[in-house]
Amino acid sequence: GLQYEKDKAMSISGLVLHVLPGKSRLVQTKLERMEGVEIHMSTGDGRLIVTVDVADHQKASDTFTAFQDLDGVLSASLAYSHFGEDAENENQRENAL
């Protein structure tokens, strides 16, 4: 996982990417080079299941936009997202109450 700076939010999202037939390997190679992106499954029918684990909302948004710009990606559908503080900061806040 990524190390988050103190008082920074975190963003964890799960997406399904639909890829043109024959472009899956190329897209996977590009995704593997992207910060915070992890490929969990290639379904064999043009779908890739990925997570994006980045430090803030803006980086998440920029990553989602970058998916759409990749040659071979037809669509990127957000399946899950969590925007919040990291666990350490949440515990510090709870303990301060």
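M10 is buried, at a relative accessible area of 13%, where buried means under 20%, exposed over 50% and partly exposed in between (1.4 Å probe, protein chains only). This residue sits in strand β1, which covers residues 9-19; here helices (H or I, at least four residues) and strands (E, at least two) are DSSP runs numbered from the N terminus. In space, the C-alpha of M10 is 5.0 Å from that of D56, although the two residues are 46 apart in sequence.

Before going on, a word about what you are looking at. This is a predicted model, in which local features need pLDDT of at least 70 and side-chain atom pairs count only at pLDDT 80 or more, while totals for chains, interfaces and linings use all residues. Residues are numbered from 1 along each chain as its sequence is written, and side-chain values use heavy atoms, with hydrogens and water left out.

How confident is the predictor? The pLDDT, its confidence in each residue from 0 to 100, has a mean of 85 over the chain, and 77% of the residues reach 70 or more. Confidence is highest in strand β3 (residues 47-54), at 97, and lowest in helix α3 (residues 87-96), at a mean of 50.

Now step back to the whole chain. Three helices and four strands make it up, and along the sequence they follow the pattern β-α-β-β-α-β-α. Of its 97 residues, 32% count as buried. If you take contacts (heavy atoms within 4.5 Å) between residues at least 6 apart in sequence, 70% of them join residues at least 24 apart.

In β3, the covered face holds L48, V50, V52 and V54, and the uncovered one holds R47, I49, T51 and D53. The strand runs antiparallel to β2 (residues 37-42), and five bridges join the two; strands pair if DSSP finds at least two bridges between them.

Which charged side chains meet? The whole structure holds three salt bridges, each a side-chain nitrogen of Lys or Arg within 4 Å of a carboxyl oxygen of Asp or Glu. One of them joins K23 and D71, at 2.9 Å from N to O. That pair ties together distant parts of the chain, 48 residues apart: K23 lies in the loop between β1 and α1 (24-32), and D71 in the loop between α2 (57-69) and β4 (73-85). K23 is partly exposed at 26% relative accessible area, and D71 is also partly exposed, at 41%.

Another salt bridge brings R47 together with D45, their closest N and O atoms being 3.0 Å apart.

Notes:
pLDDT is the predictor's confidence in each residue, from 0 to 100.
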